[in-house]
Amino acid sequence: MSAKLGEILVRENLITSQQLREALDYQRTNGGRLGSNLIKLGIISDEVITSVLSRQYGVPSINLELFHIEEETVKLISHEVAVKYSVLPISKVGSTLTMAMADPTNVFAMDDIKFMTGLNVEPVIASEASIQRSIGEYYSSSKELELAGFDLESEFGNVSTRVAASGNGKLRKKNEVDDKLTDSDLKVSLGQFRFDESEGGDVEVIEDNDEIDLAELAKASEDAPVVRLVNVLLVDSLRRGASDIHVEPYEKDFRIRFRIDGLLYDVMHPPMKMRDALISRLKIMAKLDISEKRLPQDGRIKIKVKIDDRSRELDFRVSTLPTLFGEKVVLRLLDKEKLMLDMTRLGFEPESLEMFQRNISKPYGMVLVTGPTGSGKTNTLYSALQSLNQPETNIMTAEDPVEFNLPGINQVQMKEQIGLNFAAALRSFLRQDPNIVLVGEIRDFETAEIAIKAALTGHLVLSTLHTNDAPSTVSRLVNMGIEPFLVATSVNLVQAQRLIRRVCAECKEEHRVPPEALVEIGFKEDEAAELKVYQGKGCARCNDTGYKGRVGLFEVMEITDELRELIIIGASSIEIRKKAIELGMITLRESGLTKLREGITTIEEVVKETVT
């Protein structure tokens, strides 16, 4: 572009050849665009440059001083992106974003902005000086939380960058690079994190009963930026109702995601040079070895937070994993207040709940809860234990890890490195005079064999398996090496479950669905013609997703005499399933259809988690 622009200016007698050579020499020394350098040298005005570029590329030119840009439009791109590409969003009409650009040939800028906003970019030309002035004017009013400076070099090694928050909560490097992070270097978007500056806040690792008041965060100016950034992440995960925080390093990116209602959402992209410091901070809080980066590690972060004069104790289960470009860290939020121990509120159909409660009340036998990771198995088992927890009952659990502390229940944490696995713990339990035993997961033949023997010798055994549905659990146990007659005589009940998202109650509205689509997923034609289906249109409460919270789908298969006969003769899971449905088992799909009838969820959620 530079050579062509210079030739045009000389050809139109707007500058001389000597002035062009001066500008090119200046450009080689100082960098920058030829047009900008001509203006800096006082050879030509920015209005003339803008006019020439407009004619050269057939792109309209504008005077930014005559425009008032809406705040919503400015927020479409971040301050950092605007500065990096010397652009400014002017207006949005439909799916088209009009963008003032100093260089309308910068296809990389247009591609990046199109990708970030999802809009088509229509360029117009404005002078670079006017764009920079407007960027300063429109972005200076954006509200940001400044985090206190900290010498990361002395704490974690040479970490140097500047960070600014974009409107979508992504943190990226600015053009300037400093030796150390300072107060103005690290900023976190309050709009994205919903972090009230007037409320402040603080989070600290606690040993015993140390309590930290959230109102202290804004005042703690001596805290390190990385430390405070981690604190904001932990608190914000609670505010948003996240179940997990994913800290993920890649070759050219470093991102942080929250899992909310089962789905992962991007919340931040800190600069690459913050990677080691941020991960080290998390490992220090979890009491992990920061020098060991080659092996996976597991730990726990325990914090107390005081919000609205009420103390909240939070546990984060921390797992690190060496990946190709650094350690990935996943923190699972274990919030006691989210643990729902009332089984009537989990989403059971009345007949399924009655069946489940009847079988966990039996003095011996085995009750198995199955489903993928994150399907709520632990919550269901804890709910069962809570209902069985009586002074005259000895309850023992073997868990990996122990997620919540339940008063009155003897919980044992597995430690594979010293030989304390499920099988070893289960053998020891049987010498501890238990009434009820919970085994976190049946993973192998040895654990399954001991659990079944316990169930056959007067103990109630609760456990989990990873299978797709209730009938296939029987086949899984047989494939592990357990004799079919042992499975048939020891197992009382098998329950499969899933979690699906609830429609947001605040923005719930009726949604028209063709009756043919309802018939296809399992409804009868007469019911499909009259059924009302709902979905959320999106609001502030649900972060414009249309969903808020989750509810369970349950497939409860009680092992009756008819099913025992099938298991003993080695029937397939298909035959067992068919018989169980004949005997009244509600399948996962039927449980989902019931939630649709009640207006609790959407067709998409049911179809995603169940099969016919």
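**Entry 1**

I started at Arg 597, which counts as partly exposed because its relative accessibility is 33%. A reminder to myself: this is a predicted model.

Which side chains meet Arg 597 in a salt bridge? I found Glu 527, at 2.4 Å from N to O. This pair links distant parts of the chain: Glu 527 sits in helix H20 (residues 525-530) and Arg 597 in helix H23 (residues 588-597), 70 residues apart. Glu 527 has a relative accessibility of 25%, so I noted it as partly exposed.

I also found Glu 590 in a salt bridge with Arg 597, at 3.1 Å from N to O. Glu 590 is partly exposed too, with 31% relative accessible area.

While on the subject, I wrote down a network: Glu 248, Arg 255, Arg 257, Asp 266 and Lys 328 are joined by salt bridges that share partners. The count of salt bridges comes to 27 in this model.

**Entry 1. A salt bridge inside one helix**

Next I looked at Glu 449 and Lys 453, which form a salt bridge with their closest N and O atoms 3.9 Å apart. How far apart are the two in helix H16? They are 4 residues apart in this helix (residues 445-456), which means a separation of about one helical turn. Glu 449 is partly exposed at 29% relative accessible area, and Lys 453 is partly exposed at 49%. Since exposed means over 50%, I kept Lys 453 under partly exposed.

Buried or exposed? Ala 423 is buried, with a relative accessible area of 2%. Setting aside neighbours within four places in sequence, I listed its contacts as Glu 446, Thr 447 and Ile 450.

**Entry 2. The S1-S2-S3 sheet**

I turned to an open sheet of 3 strands, ordered S1-S2-S3, with mixed pairing. Which strands stand at the edges? They are S1 (87-93) and S3 (120-125); each has a single partner strand, so one side of each lacks a neighbour in the sheet. On average, neighbouring strands here are turned by 30° against each other, direction ignored.

I followed the pairing of S1 with strand S2 (residues 96-101), which is antiparallel over 6 bridges. One bridge I picked out joins Val 93 to Thr 96 in S2.

Then I looked for helices on the sheet. Helix H7 (residues 107-117) packs on it and touches S1, S2 and S3, and its direction makes about 140° with that of S3. Helix H8 (residues 128-139) packs on the sheet as well, touching S1 and S2, with a direction at about 70° to that of S1.

**Entry 3. Asp residues in loops, and a cis bond**

I went through some loops next. Asp 261 lies between strand S10 (254-260) and strand S11 (263-268). Its phi is near 50°, a positive value in a residue other than glycine. Asp 261 counts as buried because its relative accessibility is 17%.

Asp 433 has a positive phi as well, about 55°, and is not a glycine. I placed it in the loop between helix H15 (422-429) and strand S18 (436-439). Asp 433 is exposed, with a relative accessible area of 63%.

What joins Asp 400 and Pro 401? I found a cis peptide bond there, with omega about 0°. Pro 401 belongs to the loop between strand S16 (395-399) and strand S17 (410-413).

**Entry 4. Asp 469**

My last stop was Asp 469, in the loop between strand S19 (460-465) and helix H17 (471-480). Its relative accessibility is 19%, so Asp 469 counts as buried; the limit for that is under 20%. Its side chain makes a polar contact of 2.6 Å with the side chain of Ser 472. Which residues does Asp 469 contact once neighbours within four places in sequence are left aside? I noted Thr 370, Ala 496, Glu 555 and Arg 577.

Key:
Residues numbered from 1 in each chain as written. Predicted model: local features only at pLDDT ≥ 70, side-chain atom pairs only at ≥ 80, totals over all residues. Heavy atoms only, no water. Buried < 20%, exposed > 50% of the residue type's maximum accessible area, 1.4 Å probe, protein only. Polar contact = N/O pair within 3.5 Å; in protein donor to acceptor, adjacent residues only side chain to side chain. Contact = heavy atoms within 4.5 Å. Pairing = 2+ DSSP bridges. Axes fitted to C-alpha atoms, helices over the stretch in contact; angles between N-to-C directions. Salt bridge = Lys/Arg side-chain N within 4 Å of Asp/Glu carboxyl O.
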